[in-house]
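Subject: Structure for you to look at

Dear colleague,

Please find the structure below, with notes on what turned up in it.

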Amino acid sequence: MIITGDDPEYIAFVKARLRDQFLMTDLGPLRYFLGIEVSSTSDGFYISQEKYIQDLLARAALGDERTVEIPMELNVKLQPTNGDPLSDPTRYCHLVGSLVYLAVTRPDISYPVHILSQFVSAPTTVHYSHLLCVLRYLRGTITRRLFFPSSSSLQLQSIRTLRGRVILRIVVHFLLTVCFLVVRSLLGRRRNRQRFPVRVLRLSCVLWPC
């Protein structure tokens with residue numbers, strides 16, 4: 001469980017209430033969660049999946065060290081009949097599924113992953129070649145991270161930045177809402193419960209090449 005907010009004393013209170021009900025261990029500040037790495041500075045938070053990408057590239061077993069500048073060419077129109085069917089589509093399905101989760105911190109691959117996921121039922125050699133292109137792009141941009149500033153700004157940075165900000169804001173707000181509902185449900189089971197408001201820290205994010 002991840003607990004986040006803008007009041008350290010209130011967070012400590014929530015954890016104390018949880019310890020009263022459940023056998024749990026406080027792991028301290030968030031560093032790693034479900035393949036997502038988190039690092040904090042005085043300016044804000046960085047999240048990435050660098051280790052996840054490294055493991056993904058190892059499973060893909062690419063036979064070269066090439067990189068590409070973009071994950072997919074513009075205006076590419078893939079068809080189900082392009083190329084020869086793969087004799088074993090298992091690897092393709094596995095890699096595309098891993099890329100879907102990677103898009104949590106890498107919204108720059110969301111579009112090509114969306115295109116490639118349309119062919120998981122019957123992938124071909126052409127589809128697989130485009131999948132390898134996405135992996136080579138990730139190899140060359142593995143250190144990119146998302147940045148959640150302590151003081152967010154409404155200034156438009158770029159079209160790609162805005163799209164990533166919207167996607168991540170939706171994901172983060174969804175996760176925080178789920179955590180809030182779970183905590184409220186658990187604490188509300190006690191007959192003599194103390195009502196308290198849950199403060200949610202609003203986050204905005206931008207792509208941050210490092």
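From the N terminus on, the order of elements in the protein is α-β-β-β-α-α-α-α-β-α-β. That gives 6 helices and 5 strands, where helices (H or I, at least four residues) and strands (E, at least two) are DSSP runs numbered from the N terminus. The model is predicted, so local features need pLDDT of at least 70 and side-chain atom pairs count only at pLDDT 80 or more, while totals for chains, interfaces and linings use all residues. Residues are numbered from 1 along each chain as its sequence is written, and side-chain values use heavy atoms, with hydrogens and water left out.

Of the 210 residues of the protein, 35% count as buried. Buried means under 20% relative accessible area, exposed means over 50%, and partly exposed is in between (1.4 Å probe, protein chains only).

Helix 1

Helix 1 covers residues 8-21, which is 14 residues. From first C-alpha to last, helix 1 reaches 21 Å, close to the 20 Å expected at 1.5 Å a residue; the expected span is 1.5 Å times one less than the number of residues. Tyr10, Ile11, Val14, Arg17 and Leu18 are its buried residues. They lie on the same side of helix 1, because they cover an arc of only 125° around the axis, the arc being that of the directions from the helix axis to the C-beta atoms. Pro8, Glu9 and Asp20, on the other side of helix 1, are exposed. At the start of helix 1, a side-chain oxygen of Asp7 comes to within 3.1 Å of the backbone nitrogen of Glu9.

The surface patch

Leu30, Phe33 and Leu34 make a nonpolar surface patch of about 260 Å². Patches are made of residues with over 30% relative accessible area and no salt bridge, with like charges joined within 9 Å and nonpolar side chains (Val, Leu, Ile, Met, Phe, Trp, Tyr) within 5 Å. The areas come from the Shrake-Rupley method with a 1.4 Å probe, and for residues only the protein chains shown count as cover. Leu30 sits in the loop between helix 1 and strand 1 (32-33) and is partly exposed, at 32% relative accessible area. Leu34 is in the loop between strand 1 and strand 2 and is exposed, with 59% relative accessibility. Its phi is near 50°, a positive value in a residue other than glycine.

Ala61 also has a positive phi, near 55°, in a residue other than glycine. Ala61 is in the loop between helix 2 and helix 3 and is exposed, with a relative accessible area of 55%.

Salt bridges

The count comes to 8 salt bridges, a salt bridge being a side-chain nitrogen of Lys or Arg within 4 Å of a carboxyl oxygen of Asp or Glu.

One of them joins Lys51 and Asp55, with the closest N and O atoms 3.1 Å apart. Both residues lie in helix 2 (residues 50-60), 4 residues apart, about one turn of the helix. An α-helix has 3.6 residues a turn, so residues three or four places apart point the same way. Lys51 is partly exposed, at 40% relative accessible area, and Asp55 is partly exposed too, at 33%.

Glu65 and Arg139 form another salt bridge (4.0 Å, N to O). This pair links distant parts of the chain, 74 residues apart: Glu65 is in the loop between helix 2 and helix 3 (90-102), and Arg139 is in helix 5 (residues 125-140). Glu65 is exposed, with a relative accessible area of 68%, whereas Arg139 counts as buried at 18% relative accessibility. The two belong to a network of salt bridges that links Asp64, Glu65, Arg66, Arg136 and Arg139. In helix 5, the buried residues include Arg136 and Arg139, along with Leu135 and Leu138.

Asp108 and Arg106 also form a salt bridge, with the closest N and O atoms 2.9 Å apart, and both are buried.

Pairs far apart in sequence

Val38, in strand 2 (residues 36-40), counts as buried at 12% relative accessibility. Val38 and Arg145 are 107 residues apart in sequence and 9.6 Å apart in space, C-alpha to C-alpha. Ser151 and Gly44 are 107 residues apart in sequence and 7.9 Å apart in space, again C-alpha to C-alpha. Ser151 lies in the loop between strand 4 (145-149) and helix 6 (159-187) and is exposed, with a relative accessible area of 60%.

Regards

Conventions: A polar contact is a pair of N or O atoms within 3.5 Å; within protein, one must be able to donate a hydrogen and the other to accept it, and residues adjacent in sequence count only if both atoms are side-chain atoms.
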